[in-house]
Amino acid sequence: MLNTRTTCDLSTRWGATLAIATALTACTGQIQGTGGLAGAVPGEALGGPLSAGSPDGDPRVATLPFPVSTNGRPSALRRLTRDELVTSLSALVGTAPKRADFPQEPRSGHGPLFTTGVSFIGTEVSKLDQLIDDFATAQAPTFLAKSGCKLSDQAQRDCLLDWSVKFAEQALRRPLVAGERDGLQTIIGSVKGLADADKLAMEGVLRAILFAPSFLYRTELGTAAAGNGPRTLTPSEIAAKLSFLATLGPPDAVLQAAAKSGTLSSGPERAKQFARLSATGSGAHALAVLVLEWLGANEPKVEFKATKYLGGLAPDFAAALRASAESTITRVLSSATPTLQALLTTDTYLQDAAVQSVMQPAGSGKTASGDGPTTARAGLLMHPLVIAAHTKEDGSSPFQIGSALREVVMCNPVAAPPPGATALAKQDVPPGLTTRESLEYRTAAGPVCNACHSQFAPVGFAFLPFDPVGRWQVQDPTGKPWNLAGQIQNYDGKLIGFDSPSNLAKTFADEPQVKGCFAQVALEWSLGRTLVAEDQTQIVALNEIAQATEGGVAKLLEAIVSAPQFTTAVSPR
């Protein structure tokens, strides 16, 4: 269980008298607070029946073409990601600190980021505290001007209070609760219409709101239903859940109005609002982040590669490569075929300057590199950004790429190597072997080694020619041609054969397991956690959509937001 206790006494830090002491028990979602902005999350105890679906699971899951994990831990709290914090502040303030300046979220494995039931630990809190301090100080003059308040004494205090309340409700994504307006009024108590005092008060307002757990966390407590029904999310919670999925940011005015009118209880209305938000710039970015999180490529890795691979590339190469990947995803998902199949076969990024810079011929002989007829680069799996996400800083990385692709594209977890696995490898490698032959020789040390590496090594060997930044090496370092052929067993026991990374990518694009895997990840991403038994009925339905639409991304997300489960909360067991 993850626990953190955050105590902030605004009276000593910022000249106000609002004291905040909030205990967050993130894995259970139980919240106790003393009031005030940082503690302003509903404190109703969780309990009662779980959400729709049998606690024992859906027997149809056994017939799915991909493995389904049901070890998720429900929670009423969901920590905002760095992407969500940047988007939220940009929407609220017009600017935001850099993504890298925020605390980095804890991750496990190659799959998407999950933040449900995850709290900020002590070192993260102090870093975030300082970041918000600096941000509030820098933005206070601009906010003061935006308020339009140019009065004096009580009239100025009333004007700034009204403006601060409206901003707080937008930032906290809900109406203020008892005591919060008074807290803001206390912070603004020093205002007299004088520039310095007004600026200081505005700094206090921004700090109090942006450091509040109600801003840093999303809540999905819901309200108890009559009888034995599942807990129903409040209109504000539904709006926030929908908006963060669609845009990575808080609800806009249109969505807030829909929440107040009660129309978000309708599945078709939620689908309509989701489609509207997805068509915005923030919506396109959010969809790209979903796809890159699925591929394990949302975190920057390019700039950490060895200098010899980055030499000759433009200073903005990493950023340009990320932009290329995002624009590729946006083009596909806004096309007539917004499908997983199209994402895994598209070649539209081949003309992007950043990609061209690693495709162009360089060197000669055994060190020659650059794309040629045999490369046939296509699909996101062969985009340099995705390759760089799963390669070492130096040298070849077939095992890293192979295990990552098996986990993210096929949803087949690879077990951790046994203790002392490295020592088990053969050391007497004969001279003259190719890279692949050498690795196959070293790992042919018995049934344990073979059983493990056979799960992912063939996939990795198909990508063997790529260096850490996705540059194609024309031949093996020995001067011999590459051997990229192989086969891997899918979840149904069928052997999938391929002879190149391009061929493998196209095979994956048609593979039912890959489409179903993406459907599962899309649902997990919308929930911020891995699945529980109560989610299995929904994953069965989503798999049917995935298979019928070639992995239609828009269709899957539409089904997720319009389903009744989108408006219910799963209580901790």
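Trainee: At what angle do helix α8 and α11 pack, and how far apart are their axes?

Mentor: Helix α8 (residues 235-247) packs with α11 at an angle of about 75°, and the axes are 6 Å apart. Axes are lines fitted to C-alpha atoms, for helices over the stretch in contact, and angles run from 0 to 180 degrees between N-to-C directions. Helices (H or I, at least four residues) and strands (E, at least two) are DSSP runs, numbered from the N terminus. This is a predicted model, in which local features need pLDDT of at least 70 and side-chain atom pairs count only at pLDDT 80 or more, while totals for chains, interfaces and linings use all residues. Residues are numbered from 1 along each chain as its sequence is written, and side-chain values use heavy atoms, with hydrogens and water left out.

Trainee: Why are α8 and α11 called roughly perpendicular?

Mentor: Angles of 65 to 115 degrees count as roughly perpendicular, under 35 as roughly parallel, over 145 as roughly antiparallel and the rest as oblique. The angle here is about 75°, and α8 and α11 are therefore roughly perpendicular to each other.

Trainee: Which residues make the contact between α8 and α11?

Mentor: Leu245, Ala246 and Thr247 of α8 meet Ser282, Gly283 and Ala286 of α11, where contact means heavy atoms within 4.5 Å.

Trainee: What makes leucine 248 count as buried?

Mentor: Buried means under 20% relative accessible area, exposed over 50% and partly exposed in between (1.4 Å probe, protein chains only). Leucine 248 has 1% relative accessibility, so it counts as buried. This leucine 248 is in the loop between α8 and α9, and its phi is near 70°, a positive value in a residue other than glycine.

Trainee: Why is proline 251 called buried?

Mentor: Its relative accessibility is 5%, so proline 251 counts as buried. Proline 251 is placed in the loop between α8 and α9 (253-261). Apart from residues up to four places away in sequence, proline 251 touches Arg173, Ala239, Ala240, Ser243 and Gln256.

Trainee: How do you know that tryptophan 472 is buried?

Mentor: The value for tryptophan 472 is 3% relative accessibility, and therefore this residue counts as buried. Tryptophan 472 belongs to the loop between α21 (457-462) and β7 (486-489). Contacts of tryptophan 472, leaving aside neighbours within four places in sequence, include Val358, Asp371, Arg377 and Phe466.

Trainee: How do you know that the length of helix α13 agrees with its number of residues?

Mentor: The expected span of a helix is 1.5 Å times one less than its number of residues. Helix α13 (residues 317-333) has 17 residues and should therefore span 24 Å; its end C-alpha atoms are 24 Å apart, which agrees. Its buried residues, among them Phe317, Leu321 and Ile329, pack against partners including α11 (281-294) and α25 (553-562).

Trainee: What makes a set of residues a nonpolar core?

Mentor: Such a core is a set of buried Ala, Val, Leu, Ile, Met, Phe, Trp, Tyr and Cys residues joined through side-chain atoms within 4.5 Å. The largest has 107 residues, of which Trp294, Leu343, Leu381, Val409 and Phe463 touch the most other members. Helix α23 (residues 512-527) gives the most to this core, contributing nine residues. A second, separate core of 45 residues includes Leu144 and Trp163.
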